[in-house]
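Have the structure open as you read.

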Amino acid sequence: MPLASMRKMLAEARSGGYAVCYCESWNLDSLQAVVEAAEEMGSPIIAGFNGGFLGHASRARPERLAYYGSMAAALRASPVPLAFILNETDDLAQIREGIEQGFNAVMVESDSLPAQEYARLVEKVVQLAHARGVSGEAQVGRLPHGSGGRDGGEVTDPKLARLFVAETGVDALGVSFGNVHILTAGKATIDLEVLARIRAEVDVPLVVHGGSGFPPEYAAEVIGLGVAKFNFGTCLKQVYLAAVREKLAQYSEPMNPHFFLGMGGSEDIFLAAREAVKQQVQELIRTYSLAGRLRPTG
């Protein structure tokens, strides 16, 4: 089936009283895990890659986006609704290329841009995206980073959020109300009153970035306040690394390396990692989405 429109997917989630999980990938194994998890549970899901990570300054050279965008062809073969997002990038050239390569949603990152420059970029991206049937997401406010000492961030101003949505025409809005990026231990302290004020001003579906550190006991309440999408990445990489570490401990030279890399059997470190990510994604679907709402066919 064709890729699902993220805009439509989130509208359906909001009207249905659930949220859709965006589970970020970084390689083929993690993408397979996300898709298999959704298929086995009959759930819609958003798959994709982080554009900022693919072009990060710490890399010896940027990744070729075509390697990642080409995976859209495999996603189209899935029997469940899947959107494919290029997440968290402020590189217009990369966004243009991503749309050409098959991503049908894009999230524009704001961390390095002044507010007005960011709004102009988002408006330009939304116009470009909508002309190609691609959904656009942006954010107002700034999340603290758990890996950087948990600085205070910037809580979303509801009135600024309303003006931003009206100015840019964005389809979904990431908001900051206590959620934390890259929180590797513990849970964030969220402010439901702030979220309620945002909801009163903003009519598009809201997005929780920093889902790995979000307290799941508040899932139903924030969904009731307009959140239709939760983003997860850190927790998936954590379980992936743990599985690789455990399985790799069984290998030592001069053992045959093929069984540990690429054979797909019980000793394969990538299969173990994929299964660990899949189990984690399924738990996220059970918590934040509507497992079993859509059943695979064929």
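The largest pocket has a volume of about 770 Å³. A pocket here is an open set of points on a 1 Å grid over the protein atoms alone, where a 1.4 Å probe fits, with protein on both sides within 12 Å along at least five of seven lines; lining residues have an atom within 4 Å of a point. A volume is the space filled by probe spheres set on the points, joined across faces, edges and corners.

This is a predicted model, in which local features need pLDDT of at least 70 and side-chain atom pairs pLDDT 80 or more, while totals for chains, interfaces and linings use all residues. Residues are numbered from 1 along each chain as its sequence is written, and side-chain values use heavy atoms, without hydrogens and water.

Asn 50, Gly 52, Phe 53, Glu 88 and Glu 109 lie nearest the centre of the largest pocket. In the second largest pocket, that place goes to Ala 115, Tyr 118, Gln 139, Val 140 and Gly 141.

| Pocket | Volume | Lining |
|---|---|---|
| Largest | about 770 Å³ | 39 residues |

Now to the alanine. Ala 33 sits in helix H2 (residues 28–41); helices are DSSP runs of H or I with at least four residues, numbered from the N terminus. Ala 33 counts as buried because its relative accessibility is 0%, where buried means under 20% relative accessible area with a 1.4 Å probe, protein chains only. Beyond its neighbours within four places in sequence, Ala 33 contacts Arg 274, Val 277 and Lys 278 (heavy atoms within 4.5 Å).

Terms used. Helices (H or I, at least four residues) and strands (E, at least two) are DSSP runs, numbered from the N terminus. Buried means under 20% relative accessible area, exposed over 50%, partly exposed in between (1.4 Å probe, protein chains only).
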